[in-house]
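Please read the points alongside the sequence and the coordinates.

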Amino acid sequence: MGCCRAGVSILGAALLLAGCAQLAGTPGPEDEPPPWPGLERADVYEGVSGETEVLGRPQKVVARHADTFSDIARRFNLGYDEMRAANPGVDPWLPGEGTEILLPTAHIIPAAAREGVVINLPAMRLWWFGPRDAEGRQTVVTHPIGIGRVGWSTPVGEYEVLSRTKDPSWYPPASVRREHAEAGDPLPAVVPPGPDNPLGRHAVRLSNPVYLLHGTNKPAGVGMRVSHGCIRLYPEDIEWLYDFLPRGTPVVMVDQPWLAGRQDGQLLFEAHGYLEDGHGDWTTGLEILRQRAGEHGVEWARAAAISAAGMGVPLPVGAGSPDPERWLARAPQVENRARGNYREAGAEAVVLGGR
């Protein structure tokens, strides 16, 4: 069974139990809008206005024989856990030849100042906001990240860039060295630059100097809770981002598992699995949606199912809006390979001050 179908079937089952699988006002087949255009690598957005709340569109690919979720995720600049959440019921290590995979390449922008870097920890996603042009528009870049595992949580808070280093040496803290020694994997006091360095080739130190934004020598861990608190990025992502993080760049880390925003007139609701060491549960997501949308005009049973499922995909919850299965059916199928040079495109847009 394809992942897209599996994901919406699970969500659909929750909706049936809630008694609202069929909703008054849902468009009939003759009213279906055409599919969205494919975006492929949906990580650089130019000319984003301050009113824009949702970027990108969901897409689909067909898995090849030896594909894993980690393989597909990196091709489309996604993280492992967000791929798994969007495709429940599919084996992440061997989806199987011909399996349809949903790409969660649509994202609601976190509620935070659009300046510098914003990191939404439950979504495991970093946002970079470029300078505004004369019309107030920006280039916005988003990347998947790895964050601290339980017991080594990445902290929320407001920081700024303190320094940057290419080809850094890693000085593992005493606590990390002790943990490795207890596991029978002792670490040296210093790990020099090279293929064994877990920081990769680029490191950005924050005003809380314990925490870094850095690359990795293990890209499969991007999009997972695997670090000792630092933020991990794909090597190609931190290489691009590095040049746009001068000293003093603000870096804000937030804990926002539930997000709401409008796109093309539709109210969308995006729910991620909340952090095990965070606060709240799926009902908290409904309160956030209520604050955003008010009491009226929301299919609350559907919103509850979306919040509980935690697929991490923006889905329609407005009164009379398409049900999730029909919404995702519009997602275009794109080629199962990375396309274009997103780094060059993004750099050009930044030089122009956003378009």
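A charge is taken to sit over a ring if NZ of Lys or CZ of Arg is within 6 Å of the ring centre and within 35 degrees of the ring normal. The model discussed here is predicted.

1. Charges over rings. The charged end of R164 is placed over the ring of Y242, at 5.0 Å from its centre. R330 likewise lies over the face of W327, 5.7 Å from the ring centre.

2. Helix α5. This helix spans residues 235–242 and is mostly covered, with 6 of its 8 residues buried. Among them are Y242 and W240, together with E236 and D237.

3. Aromatic pairs. The search of the whole structure gives 5 aromatic pairs. One of them, formed by Y80 and W93, is stacked, with 5.4 Å centre to centre and 25° between the planes. Y80 belongs to helix α3 (residues 80–86) and W93 to the loop between α3 and β4 (100–103), so the pair ties together parts 13 residues apart in sequence. Y80 is buried, at a relative accessible area of 4%, whereas W93 is exposed, at 53%.

4. A tilted pair. W128 and F244 also form an aromatic pair, here tilted, with 5.4 Å centre to centre and 50° between the planes. This pair links distant parts of the chain: W128 is in strand β7 (residues 125–129) and F244 in the loop between α5 and β15 (250–254), 116 residues apart. Both W128 and F244 are buried.

Notes:
Residues numbered from 1 in each chain as written. Predicted model: local features only at pLDDT ≥ 70, side-chain atom pairs only at ≥ 80, totals over all residues. Heavy atoms only, no water. Buried < 20%, exposed > 50% of the residue type's maximum accessible area, 1.4 Å probe, protein only. Helix = DSSP H or I, 4+ residues; strand = E, 2+ residues; numbered from the N terminus. Phe/Tyr/Trp six-rings, centres within 6.5 Å; stacked < 30°, edge-to-face > 60°.
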